[in-house]
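Welcome! Take a look at it first, and then read on.

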Amino acid sequence: MSDKQKGDTKDEDLWADGESGHAPDAMRRRILAMAGSAIALTLVPGVTLFARDLQGKRTTKGADKGPVRYGLLIDARHCQTDCDACVHACQTYNGLSGKDGPDHAQWIRKVTITDPKTRFTRSFPVMCQHCADAACVAVCPTGASFKRPDGIVLVDKHRCIGCRYCLMACPYKARSFVGHTLTDQKPWAPRGKGTAEGCTMCVERVMKGRVPACVEACQKTGHKAMVFGNLHDPKSAIAQKLADVATTTIRADLGMGPSVHYRGI
Amino acid sequence: MRARAGIIAALVVLLSGVGIWLTHRGPVPLPVIARASGHCVIQTSVMRRTHMMLLRAVREEIVRHDASDARFRLTRCVACHAQRTAGGRAIPVNAPGQFCASCHAYVGVHIDCFSCHAAVPSGSAGLLRGPDGGAGNVKGRAVRAAFRIARVLHGRFAATRVGDVP
């Protein structure tokens, strides 16, 4: 109504309030802040559980500073081109179909790279790199994509709306989308239609003190190309190895700080 | 004109009566709640009223806050409440007439837990045990949070003061 009366007033003038200048903006902010606290107060005590995340940080910066950060070291020199034991182990353990194509999720895949000039060839698995500053977490509009304090990046499928931003954002193509109804999921790996998913670093196993399924399978083949452990524990085998030999991460130039390190690529 | 309207009205009334007579099946039968193996992790009366809140709170703690030792995880519910066929095969808890489905069908509530979660236990007991081999640390954050919520909600539903609830 007031807009109409002002006629051809400029946009800036519509937001100003005569003598008080920018006061309405500040007032609006105060009202919004008060509304926020009012919501927090009116909920039953237990529901502050949910409020915590609303107020929590959405960036993963600094998330790699804790005492635990799980990571992998993949020695591409020992990884065999014709071996995909890790891929099969992942599929079996997590209940993935194992089929190819856009309808079927893949959490870990084998990649073979060749330098066309020198014919230098390496084969190695690529999965979610559990980045310190993960793009999937940054772009997720609902906070479903998140990073645990121990460095594992997961999808909270209760919150995932299936927008697939994370699939687009991830430079490692580590995320998959479940497009059809699933049955016979594993109890430790709930997955369902309409949600994004990716490598969980076998979080259920890791919490029980076991290594991820892919690492276990790699050890069994005898190639021993994968090491799992706490990157932030100087006594762990993986930390000692990383301190000892030259390793790299894929697309280190992106500065996302992957937890998965590679040797020999 | 008036007679025609009367006939139509009479027909409508008659057909509705026939329709109701044909489709009427009496009151909806009460759900048959299958007995679980063992004891529930919390008082049954509390669980009946607040299980949806508990699961909601605990899923938040388990997925996002690393409360891997929670007693209230859905896998544990399924482990005890899934019935078995004569051959020892587990029946999904969301199958018609089973533990979850019977009540939710009765009250007309759609649950989509099992579009992602397994509705049958796995392994010997289907229990996901903690590193100590036990059922988990009962002093875990999730458990405390769940109990807190259960008390509040139970107090509300039972119209008693929160402090009165054991």
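Which residues does Cys90(A) touch, not counting residues up to four places away in sequence? They are Leu96(A), Trp107(A), Ile108(A), Ala213(A) and Cys214(A), where touching, or contact, means that two C-beta atoms, placed from the backbone, lie within 7 Å.

A word on the ground rules: this is a predicted model, in which local features need pLDDT of at least 70 and side-chain atom pairs count only at pLDDT 80 or more, while totals for chains, interfaces and linings use all residues. Residues are numbered from 1 along each chain as its sequence is written, and chains are lettered from A and ligands numbered from 1 in the order in which they are written.

**The cores**

Cys90(A) is among the residues with the most contacts inside the largest nonpolar core, together with Ile74(A), Cys86(A), Cys214(A) and Met226(A). This core has 55 residues. A nonpolar core is a set of buried Ala, Val, Leu, Ile, Met, Phe, Trp, Tyr and Cys residues joined through C-beta atoms within 7 Å. Buried means that 20 or more other C-beta atoms lie within 10 Å of a residue's own; with 12 or fewer a residue is exposed, and in between it is partly exposed, the C-beta atoms being placed from the backbone. Elements that give two or more residues to the core include strand 1 (70–75), helix 5 (85–94), helix 9 (213–221) and strand 8 (226–230) of chain A. Helices (H or I, at least four residues) and strands (E, at least two) are DSSP runs, numbered from the N terminus. Helix 5 of chain A gives the most, with six residues. A second, separate core of 13 residues includes Ala79(B), Cys100(B), Ala118(B) and Ala119(B).

**Helix 9 of chain A**

The buried residues here are Ala213(A), Cys214(A), Val215(A), Ala217(A) and Cys218(A). Among the elements that cover them are helix 5, strand 3 and strand 8 of chain A. Why does Val215(A) count as buried? Because Val215(A) has 24 C-beta neighbours inside 10 Å. Val215(A) touches Met226(A) and Phe228(A), leaving aside residues up to four places away in sequence. Just after the helix, Gly222(A) takes a positive phi of about 90°.

**The sheet of chain A**

An open sheet of three strands has the order 8-1-9, with mixed pairing. Two strands pair if DSSP finds at least two bridges between them. Strand 8 and strand 9 are the edge strands, each pairing on one side only.

Leu72(A) stands opposite Val260(A) in strand 9 of chain A.

**A helix in chain B**

Six of the eight residues of helix 3 (residues 74–81) of chain B are buried, so this helix too is largely enclosed by the rest of the structure. Among the buried ones are Leu74(B), Arg76(B) and His81(B). Their cover includes helix 2 (44–65) and helix 4 (99–107) of chain B.
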